[in-house]
Amino acid sequence: MKREKLFELIGQEKIYSKLTTFIKRGMVSTGYLFAGPQGSGKISMALNLAAALNCEDQQEYTACGVCDSCKKIKKINHPNLQLIFATVRGKNPKDDDPLTGLSDDEFEEYQDIIGNLKEDPYSSLKMQGAKQILISNIRKIKKDLIYSKIEFGWRIIIINLAEQLGIEAFNSILKILEEPPPQTVFVLTTEKLSIIPSTIKSRCQVIKFNSVPEEEIIEYLNGKDIDASAKNRIARLSNGNIRKVKELMTRDFSEEDDKILNFWRLMMGSKIGDKSTTMIDLTKLVSEYSKLAKTDYNEFVNKLQLILFWLRDAKIIATDGSDEFVVNNYLLKELTKFANYYQKFSYEKIIDLVEETIKYSSKNVYVPALIGRLFFTIREELQKAK
Ligand SMILES: [Zn+2]
């Protein structure tokens, strides 16, 4: 029987079997660099690797889940396992221990992050206000490598988002990797492979993670108690990011549907509730979106993507007369009405414009002007297409 993984891992089977094959053949590297987008499973993979390397029952080169070692790894409380991520600098910190000097609140936050990770290996390892992995972390590793001996298994040091290491810390790790200590594996993760120094890349085996494909997300959601109509939508909106999938699973979509519909009502100049919409409402909406771009850029892009999905869906209905490939099938009635009413609407032009807006909004372009152009053009085109 195939063993269950100790930590939930969605998709990425190829990488998992590659890593267990390395263990089986005794070809474990000193350094791995797991590179891929957020929510692709890098930390989960690293934890599963730690479990497999330290399991007391080595017959299958994967974790048994029941031995003492597996239990400790599962609790992220195994002497061989170290997990490093950006933390804030406490007051009077020790040179070689980043956790001393943290305030009670800060320490509690740190503990919560680890606690959440035990439950969900896709949870965020983000401490508020922390931007860098402190050099004291690396000094602590060095000290441990010298003074503490491992009794069994492999020491595994996971460094989350290595792009947050400073130059001094990179150099320090590089020195360790150049003279690798025995039975020790470093797993560095990154979302920005291009900014990792080539000296580090050349010392590590780089393993690239892709976003999780939609089919795998749907398969995962099939095992959960979720409304069938929400599944496609979560899969589509998540962009292959499992952290996002989990966040979307808790959302109230009916509220969002209202928002989407109200957006289009405003564009069409029709009523919202019993209130007529005016150009002033449109101007307000422009400033709302512009503000959002500043405070929560991801959510801003999400909103623009929802506009894009709507347009693509309406275009499918308008051109094929079929709704087979429609993403927003929960809004089918409204979409069909829209497609029928605005038969001459220039879908291509507006779809291009939304895509352009998303692209340029990340490039220091003045966002209110971009959004204003987009919304006013949509409105104008709708008027023309009646
Ligand atoms: Zn075990």
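Analyst: Helices (H or I, at least four residues) and strands (E, at least two) are DSSP runs, numbered from the N terminus. Heads-up that this is a predicted model: local features need pLDDT of at least 70, side-chain atom pairs count only at pLDDT 80 or more, and totals for chains, interfaces and linings use all residues. Residues are numbered from 1 along each chain as its sequence is written.

User: What share of the residues of the protein chain is buried?

Analyst: Buried takes 20 or more other C-beta atoms within 10 Å of a residue's own, exposed means 12 or fewer, and partly exposed is in between, with C-beta atoms placed from the backbone. By that count, over the 386 residues of the protein chain, the buried share is 31%.

User: How many residues does domain 1 put into its contact with domain 2?

Analyst: An automatic or database assignment sets the bounds: domain 1 covers 13–210, domain 2 covers 214–249 and domain 3 covers 252–385. The centres of domains 1 and 2, over C-alpha atoms, are 28 Å apart. A contact needs C-beta atoms, placed from the backbone, within 7 Å. Domain 2 brings five residues to this one, and domain 1 brings seven.

User: Are H1 and H2 roughly parallel or roughly antiparallel?

Analyst: Axes are lines fitted to C-alpha atoms, for helices over the stretch in contact, and angles run from 0 to 180 degrees between N-to-C directions. H1 (residues 13–24) and H2 (residues 42–54) pack with axes 11 Å apart, at about 25°. Under 35 degrees counts as roughly parallel, over 145 as roughly antiparallel, 65 to 115 as roughly perpendicular and the rest as oblique. H1 and H2 are therefore roughly parallel.

User: How many charged residues are in the contact of H12 with H13?

Analyst: H12 (residues 279–295) and H13 (residues 297–320) have axes that come within 5 Å and cross at roughly 135°, which means H12 is oblique to H13. Tyr-289, Leu-292 and Ala-293 of H12 meet Tyr-297, Glu-299, Phe-300 and Lys-303 of H13. The classes here are five nonpolar, no polar and, for charged, two.

User: Is Phe-375 buried or exposed?

Analyst: Phe-375 sits in H16 (residues 367–385). Leaving out residues up to four places away in sequence, Phe-375 touches Leu-282, Leu-285 and Val-286. Because Phe-375 has 20 C-beta neighbours inside 10 Å, it counts as buried.

User: How far apart in space are Phe-375 and Val-286, C-alpha to C-alpha?

Analyst: In sequence, Phe-375 and Val-286 are 89 residues apart. Counting contacts in the protein chain with a separation of 6 or more, 70% join residues 24 or more positions apart. In space, C-alpha to C-alpha, Phe-375 and Val-286 are separated by 7.4 Å.

Notes: Contact = placed C-beta atoms within 7 Å. Nonpolar A, V, L, I, M, F, W, Y, C, P; charged D, E, K, R; others polar.
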